[in-house]
Amino acid sequence: MTCEACRTIPPVISEGYTPKGSYTQIADLKTYITGPSTATIGIIDIYDIFGISNQTIQGADLLAARLNALVLVPDFFHGERADLAWFPPDTEEKKQALFGFINTKASVAEKVGVLGKVAEDAKVKFASVKSWGAFGLCWGGKVTAQVSGPNSPFVASGQVHPGFLDAEEAKKLTIPHIVLASKDEPVEAVKGYTEVIASNGIGGIVETYPTMWHGWMGARAKLETPEGLAEYKRGYNQLADFFEKYEATHHMIMTSSPSVLVFGVGSVGAIYLHQLQQAGCTVTAVCRSNYDVVAHHGFTLRSPRFGTVTYRPDHTVRSVHDCPRDTGYDYVLVTTKAFPGRTPSLADQLRPVLENRPNTAIVLAQNGIDIEKDIADAFPSNPVISGVVYLPTVQTEAGVIDHAEPLDLLELGTYPARAPDGHRRAAERFVELMIKGGGDAVLFEDIQEARWAKLLLNAAWNPICALSLCTDGGFLLTSEPFARDLAWGIMMEIVALARAVGIAGVDEEAAKKRFALAERRAKEGTGREMSMLQDVKMGRPFEVEAIVGNAVRLGRTCGVSMPRLETVYALAKGRLDVLMGV
């Protein structure tokens, strides 16, 4: 791969510049490094096919000085570069040499992977850097463009005199992007990028330098001419402005008071709202049935952990459609019940606050298994954080929350478990916020282990209690040994299913610990009303599909016999349909 301008315009070598930085090894590449080691902003500068040149080094130094940033220029070609003798490539011998280099040493597909490794290693070596950006010159711009889509390790990126500009790649951008084009770049491709960036809601800049030639900021910069020097400086200053805007803003957001939207503020959502406010967050509450009371009087929480407190959301709305269009959120915390297959879907309900906002993290604090995929598919660039809730609470009347026990534990982890670093940082930060707000929170490497561990409780006790109208402990006292055998048998079916799908830690020992909770309550007469039982009593829909239906369908797929759970699923689904008038 090469571009017309690279084939016809030879580079200009600048003499006499003394580099300000030094060299180190990053991801097994000799890398020029400039700027303070304590910087909070980092930029990876990807050269053109002529490798490390004085002009490229000088540009990196300019960025480092202007932004007080750490700038890395990795040597992707391991000391090699396109030979000046190949230009112009007007013989078969020159063409073979040039294209042989491009297809091997300068393979874009290969270097995209290498850039990912550089970013990973840099994040480990330079822990003070809180946000990383990247830009590339010509060939390097192509590499950068291909790591600026979903799951990008960068918060902003760019291309300078991009000879390989492809407007289709612009449609895949998920981070702010800058394009500085020369008069030699394809006009239609530049126009395509301009249209996409102007309308994608993510942010960015496209500008053409009408008197500049392809390469004016790289190896063929003419720093000895007044105009060439002036436009070279202007270009690097424009890059600095861009990265300052987006990387510094990202860092500010990550260190300032977060803005959180809580979607579905019932009993669990109301307590989490209180915790987030105690942690210094600005919280918007999407309230439905309790909107009028909350909007006028706020919430009253009675809790052995938090005391008796009255508080209001910072903003209260009836629907996400009422949220200001120009307002972005760091987190959208979903505490509604999980109803897979419902219309409109959860993704459609959240779309007004998530569309074109790839940095907003989505926290799903919901019951059940296999609840994350639809959201992750709908918003592939957003961090998805899966949450398992242990919080015994009920809204006794609109806006009045009873928290019966001190227990307040939120188990969190990214979905999928092997998520980008930025997604994991968002999860880590949310854990910190929940703890700062007075609750307990734990980050899991693989949240599915925690989700399935809770399924042991949920799949057994929720449908049984909804059907029998008993508490968990109360049910064990009704028909010994039959009640015990039914609940324990369901737990063993979940253990067998977990084993079949490879979920660690969900075994008979884990089931015994959870079953012991109901046995203790039976002896003490302190049985708990499970959430499905509360919903049945209130005439509300309950989560039979997310908790039970998803499990029995997975069991059929995996060939795991689950006769007890299939029976209570069929009965609970029948009760739900009658309740809902289906």
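Visitor: How many disulfides does a search of the whole structure find?
Guide: Zero, going through the whole structure. Keep in mind that this is a predicted model.

Visitor: OK, cysteine 323 then. Which cysteine sulfur is closest to the sulfur of cysteine 323?
Guide: That would be the one in cysteine 287, at 11 Å. A disulfide needs the sulfurs within 2.5 Å, so 11 Å is too far for a bond.

Visitor: And is cysteine 323 buried or exposed?
Guide: Buried, because its relative accessibility is 5%. Cysteine 138 counts as buried too, at 1%.

Visitor: Switching topic: helix H9. How many residues does H9 have, and what does it reach from end to end?
Guide: H9 covers residues 267–278, so 12 residues. From the first C-alpha to the last it reaches 17 Å, close to the expected 16 Å.

Visitor: How many of the residues in H9 are buried?
Guide: 11 of the 12, so H9 is mostly covered. Among them are Ser267, Gly269, Tyr272, His274 and Gln277.

Visitor: What comes just after H9?
Guide: Glycine 280, which takes a positive phi of about 95 degrees.

Visitor: How do H9 and H13 pack?
Guide: H13 is residues 421–436, and the two axes are 7 Å apart at an angle of about 95 degrees. That makes H9 roughly perpendicular to H13.

Visitor: Which residues meet there?
Guide: On the H9 side, Tyr272, Gln275 and Leu276; on the H13 side, Phe430, Leu433 and Met434. By class, that contact has five nonpolar residues, one polar and no charged ones.

Visitor: Why would residues three or four places apart on a helix point the same way?
Guide: Because an α-helix has 3.6 residues a turn.

Visitor: Now lysine 142. Where is lysine 142 found?
Guide: In helix H5, residues 139–145.

Visitor: Buried or exposed, that lysine 142?
Guide: Lysine 142 is buried, since its relative accessible area is 7% and the cut-off for buried is under 20%.

Visitor: Last one: where does asparagine 290 sit?
Guide: In the loop between strand S10 (282–286) and helix H10 (291–297). Asparagine 290 is buried, with a relative accessible area of 3%.

Visitor: What is asparagine 290 in contact with, leaving aside neighbours within four places in sequence?
Guide: Val265, Phe299, Gln395, Ala398 and Gly399.

Notes:
Residues are numbered from 1 along each chain as its sequence is written. This is a predicted model: local features need pLDDT of at least 70, side-chain atom pairs count only at pLDDT 80 or more; totals for chains, interfaces and linings use all residues. Side-chain values use heavy atoms; hydrogens and water are left out. Helices (H or I, at least four residues) and strands (E, at least two) are DSSP runs, numbered from the N terminus. The expected span of a helix is 1.5 Å times one less than its number of residues. Buried means under 20% relative accessible area, exposed over 50%, partly exposed in between (1.4 Å probe, protein chains only). Contact means heavy atoms within 4.5 Å. Axes are lines fitted to C-alpha atoms, for helices over the stretch in contact, and angles run from 0 to 180 degrees between N-to-C directions. Angles under 35 degrees count as roughly parallel, over 145 as roughly antiparallel, 65 to 115 as roughly perpendicular and the rest as oblique. Ala, Val, Leu, Ile, Met, Phe, Trp, Tyr, Cys and Pro count as nonpolar, Asp, Glu, Lys and Arg as charged, and the others, Gly among them, as polar.
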